[in-house]
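Please look through the sequence and the model shown below, and then read the report that follows, which moves from one part of the structure to the next.

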Amino acid sequence: MALAEKYRGVLRNIPFAGGELVRPLTEVDSAEPIREALERPDTKVMLLAPQGIAAQNHSLLYMPVEQAQEAAPKSLVHLGAMDGVNYVLLLADAGAALPDTEWISLREAFGRLEARDLGLFVVAQAIGNWRLGTTFCPQCGSSLEPTSLGWSQRCADGQHELFPRTDPAVIASIIDAEDRLLLGANVRFKKKIYSVLAGFVEAGESLEAAVRREIFEESGVRVGECAYRGSQPWPLPRSLMLGFSGEALSTELIPDGQEILDLRWFTREELHDAITQGVLDVPRGPSIAGALIEDWYGHELPKAVA
């Protein structure tokens, strides 16, 4: 048995994977590009605080450039440019406010913001999580100052430079010899959601080895060949999801009972019926899990019962 050719190749419909934002050259440690960006009236300044990002209705709320010019330079990050427009992020404390501001989390934004704004939010949240949560050097304990347009930090004695941490995690659609898909119900899911299985890559482990280990640990299924399908930044809080498809060498299901409460093999007809009858649902929207499931399903997934 070998992984079918149709489950190879990079997926084209993974949200946030396009990289439309042209990032700045952070190797040059100078604040000049930020100053220049804030002198342009068309520059857009996003405001991110611990409670979320500033928004209004179904769009990001950008603060006036003149107001951002008065902000402390250490609170600014030059995110990059898109279609000739510069985007700057202002990191604020929990008490920050703008007129008519609504603060929304990234999860709340998934169903509200347009794809362009959502992609910007993902980048802002990724760097913001690190900057707002990393204020002291882990090696010497001294305070940190931002460098490289806000994309790195250096400790007070100048001996240590820190960069944003990203935790790689694998997520895989596992298909058996009958072309059935393995889905599981995670203990963290609030509703009756069944999804493909995922887990973090461990130290000294290849991505393929992580797929085989995670699937076996959570389901008892042995995985043979696996193929890379694409990646997705997922800053909740700092993951990079690496999508795979893999062939099942065994089919007996043994939920681990800690993370996975239930497991099932689905044919396309069985998944269609389960969704349309309201028995369960699958991830949708911006999740790479949804992209992997829909790729196996072959076309748009059926509507869930309201």
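## An enclosed helix

In this predicted model, eight of the ten residues of helix H7 are buried, so H7 is largely enclosed by the rest of the structure. The buried residues of H7 are Ile288, Ala289, Gly290, Ala291, Leu292, Ile293, Trp296 and Tyr297. The elements that cover these buried residues include the strands S10, S11, S13, S14 and S15 (260-266), together with helix H6 (268-276).

Two of the residues named above also form an aromatic pair: tryptophan 296 and tyrosine 297 are tilted, with 6.3 Å centre to centre and 50° between the planes. Tryptophan 296 counts as buried at 1% relative accessibility, and tyrosine 297 counts as buried at 6%.

In soluble globular proteins, nonpolar side chains tend to be buried together. The largest nonpolar core of this model has 80 residues, and those that touch the most other members are Met46, Leu79, Leu89, Leu183 and Leu271. Helix H4 (residues 115-133) gives the largest share of this core, namely eight residues. Apart from this core lies another one of 18 residues, among them Leu242, Phe244, Ala248 and Leu263.

Which residues does leucine 271 touch, if residues up to four places away in sequence are not counted? They are Leu183, Phe266, Leu280, Val282, Ile293, Trp296, Tyr297 and Leu301, and of these Ile293, Trp296 and Tyr297 are among the buried residues of H7.

## Aromatic rings and charges

A pair of aromatic rings is described by the distance of the centres and the angle of the planes. The structure holds six aromatic pairs, and one of them, formed by tyrosine 228 and phenylalanine 244, is edge-to-face, with 5.7 Å centre to centre and 70° between the planes. Tyrosine 228 lies in strand S13 (residues 223-234) and phenylalanine 244 in strand S14 (residues 239-248), so this pair ties together parts that are 16 residues apart in sequence.

## The largest pocket

The largest pocket has a volume of about 1600 Å³.

At least two residues of the lining come from each of strand S10 (167-175), strand S11 (181-186), strand S12 (197-200), helix H5 (207-219), S13, S14 and helix H7 (288-297).

## Backbone details

A cis peptide bond, with omega of about 5°, joins leucine 236 and proline 237, and proline 237 is found in the loop between S13 and S14. Phenylalanine 16 has a positive phi of about 70° although it is not a glycine, and its place is in the segment before helix H1 (32-38). Aspartate 179, which is not a glycine either, has a positive phi of about 65° and is placed in the loop between S10 and S11.

## Two buried residues

Valine 170 has its place in strand S10 and counts as buried, at 2% relative accessibility. Leaving aside neighbours within four places in sequence, valine 170 is in contact with Leu197, Ala198, Gly199, Val201, Leu207, Ala210, Val211, Glu214, Leu242 and Phe244. Valine 170 and isoleucine 293 are 123 residues apart in sequence and 15 Å apart in space, C-alpha to C-alpha.

Threonine 134 is found in the loop between H4 and strand S7 (144-147). With a relative accessible area of 19%, threonine 134 is buried, because buried means under 20%. If neighbours within four places in sequence are left aside, threonine 134 is in contact with Leu144, Gln153 and Leu162.

Conventions. Residues are numbered from 1 along each chain as its sequence is written. Side-chain values use heavy atoms; hydrogens and water are left out. A nonpolar core is a set of buried Ala, Val, Leu, Ile, Met, Phe, Trp, Tyr and Cys residues joined through side-chain atoms within 4.5 Å. Buried means under 20% relative accessible area, exposed over 50%, partly exposed in between (1.4 Å probe, protein chains only). Helices (H or I, at least four residues) and strands (E, at least two) are DSSP runs, numbered from the N terminus. Contact means heavy atoms within 4.5 Å. Rings of Phe, Tyr and Trp (its six-membered ring) pair if their centres lie within 6.5 Å; planes under 30 degrees apart count as stacked, over 60 as edge-to-face and the rest as tilted. On a 1 Å grid over the protein atoms alone, a cavity is a set of points where a 1.4 Å probe fits but cannot get out, and a pocket is an open set with protein on both sides within 12 Å along at least five of seven lines; lining residues have an atom within 4 Å of a point. Grid points are joined across faces, edges and corners, and a volume is the space filled by probe spheres set on the points.
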